[in-house]
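Hi there,

Here is the structure I promised to pass along.

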Number of protein chains: 2
Amino acid sequence: MTTSIQSWVERVRAGDVRALARAISMIEDGRPESTSLLKALFPHSGRARVIGMTGAPGAGKSTLVDQLAREYRKQERTVGIIAVDPTSPYSGGAILGDRIRMQAHHADPGIYIRSMATRGFLGGLARATTDVTTVLDASGKDLVLIETVGVGQDEVDIVRLADITVVILVPGMGDDVQTIKAGIMEIADVFVINKSDREGAERVEREIRAMQTLAIRPDQWTPPVIKTVATEGKGIPELAAAVAGYEEFLEQKDLLLKKKISNWRERLIEMLRETLLERLLREQVGEGEIARLAAEIAEHRRDPYSLVEEIVDGFGCREERQIHHGDTETTTPESQNRAFRGPRARRTGK
Amino acid sequence: MTTSIQSWVERVRAGDVRALARAISMIEDGRPESTSLLKALFPHSGRARVIGMTGAPGAGKSTLVDQLAREYRKQERTVGIIAVDPTSPYSGGAILGDRIRMQAHHADPGIYIRSMATRGFLGGLARATTDVTTVLDASGKDLVLIETVGVGQDEVDIVRLADITVVILVPGMGDDVQTIKAGIMEIADVFVINKSDREGAERVEREIRAMQTLAIRPDQWTPPVIKTVATEGKGIPELAAAVAGYEEFLEQKDLLLKKKISNWRERLIEMLRETLLERLLREQVGEGEIARLAAEIAEHRRDPYSLVEEIVDGFGCREERQIHHGDTETTTPESQNRAFRGPRARRTGK
């Protein structure tokens, strides 16, 4: 570990806001240095309780999350908030919005808020969120609240990072139990009906109860339903208590580690998937080559299925590849094709 | 190519419904034989025009797609329909629903309808949809209509497969321009306001127009807005004409190939990502090992970042790996760990 990484780690662990911000930006940008930092921070993480909070657009998530954070501050627990919005085209964190939210907490150093938005198509927002959680956890935050819009697979993946999942519904949003993704209803540990002073709150509760009678969870937990009016702070202590109740349940039944293992299983596979592709694109098939091959496929001069097999067969054969890169200096189509025939070339080469 | 694959290919090309159904099931199940079939079918594909149709739940997509298919049948063009619902937990195709929809077309052999739902977490619904499109295309269908719910990244990925994208909106679905994913609005080549006899249709149209003045597309195309009442067949010929209009535009400007190349670029990367992971899990780190490693991470005995690097470093170059598999026959934890240290072991081994 270099000295600069080491001092950075120490500053993050001390909760230094600028060190935190720099670490998170680096993760968001997918910079390779972030891996060294994460390796060094990981052993210091694992203490924070991670709470995922999700709901349809307009459910009042930010307000609810801010209020819950305020409640935890009363309990003298420190809080990190990651606000993820995969539907937003903005990147680099919606800095202005974060500042406004921070100010609402009177610049309390016990709260750190950071927005994250969709990255390019090699995205990995779930991965980035995991990494930022590790950073906030290592910085000593007692709780990490991850807030996201519950409308797609990305969001289910993000919410799956959490130890505890809170699903936020609101009255009057349609005929079916809300327009949020079906899979999210199933992973709720606690339900919130926010804006519960509106007409229809009872109906939403009945719908949740009806759903609960249809499917009993493997862990036998029945998610409580908490009614809140976040803008007025109503129901917030009850929500904190419900979360604590599930936390206690997890601990009593020794389920927390089991849940963490199952989460890490999925994250590990996701990390492998991304890292493999990243390395393939960096070391073996550059962006330019991908574009050329895509053109050959689009013109039906090549089938993608055989091509993918060839490329994957040749993956990781560094020495072989170097030889081929030598060949491809003369850029006849024939020699370019050969670059992906690692195994075959090797066989005939012997 | 084996005789059985060859005869299967011939039956698919002849439009044999049972051969089609078997091919699609095999793709859905991710069976390895499907790759051989796809390799053989791909050279016979590329003729069909692929139209993606997406919209919020309740927008009346199925009815609209069925009506459009009927319109194309009047023009004596054959149609394949892939109905993708990533929010549905069902798998293997919603056979009953497909039959009912087929019957609505009086069992017309010029129409083939197939539902596809979410698979497990190694999913790849976009990949499966691409593959089924290849099959329907090779079977001689003039048009392939892909119908999906436009609420998440999965859906954007699926719709991106299409040559032409139709986004379906309905009046009265909320304050913002519908609850569908922002990215989908931007990829619409044709807008449909379905159920346009309802109040608010004009408002939706104004919102689309307002959005269009804000962002001019790189190809300078202004997506037309078509009003339909699908249940009554209203506006359907106009929709078909609008689609044909964009098709003509693409051809005039020589944009179709460009679009196909850009689509294949993304698909190719996605295929590589999945195939790499699949092979890693099959050949190097089994599910059991992943579970064991996840436990070590959850207990903070190991950091995931270094672990992923080690595993990826050791992946590839089959001959090397076979040597290590020899080692790991004695399953001490130490020798198991060594399996991930391909490069290091190789270096010392020389």
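**What turned up**

In chain A, 46% of the 350 residues are buried. Please keep in mind that this is a predicted model. The secondary structure of chain A consists of 16 helices and seven strands. Of the contacts in chain A with a separation of 6 or more, 75% are between residues 24 or more positions apart.

Helix 6 (residues 125-138) and helix 11 (residues 256-283) of chain A have axes that come within 10 Å and cross at roughly 120 degrees. Helix 6 of chain A is therefore oblique to helix 11 of chain A, and the crossing of these two helices is left-handed. Which residues meet there? From helix 6 of chain A come A:Ala126, A:Arg127 and A:Thr130, and they meet A:Arg267, A:Glu270, A:Met271 and A:Glu274 of helix 11 of chain A. Sorted by class, this contact has two nonpolar, one polar and four charged residues.

The buried residues in helix 2 of chain B are B:Ala19, B:Leu20, B:Ala23, B:Ile24, B:Met26, B:Ile27 and B:Glu28. After helix 2 of chain B comes B:Gly30, which has a positive phi, near 65 degrees.

Best wishes

Technical notes
Residues are numbered from 1 along each chain as its sequence is written. Chains are lettered from A and ligands numbered from 1 in the order in which they are written. This is a predicted model: local features need pLDDT of at least 70, side-chain atom pairs count only at pLDDT 80 or more; totals for chains, interfaces and linings use all residues. A residue is buried if 20 or more other C-beta atoms lie within 10 Å of its own, exposed if 12 or fewer, and partly exposed in between; C-beta atoms are placed from the backbone. Helices (H or I, at least four residues) and strands (E, at least two) are DSSP runs, numbered from the N terminus. Axes are lines fitted to C-alpha atoms, for helices over the stretch in contact, and angles run from 0 to 180 degrees between N-to-C directions. Angles under 35 degrees count as roughly parallel, over 145 as roughly antiparallel, 65 to 115 as roughly perpendicular and the rest as oblique. A crossing is left-handed if the near helix is turned anticlockwise from the far one by less than a right angle, and right-handed if clockwise. Two residues are in contact if their C-beta atoms, placed from the backbone, lie within 7 Å. Ala, Val, Leu, Ile, Met, Phe, Trp, Tyr, Cys and Pro count as nonpolar, Asp, Glu, Lys and Arg as charged, and the others, Gly among them, as polar.
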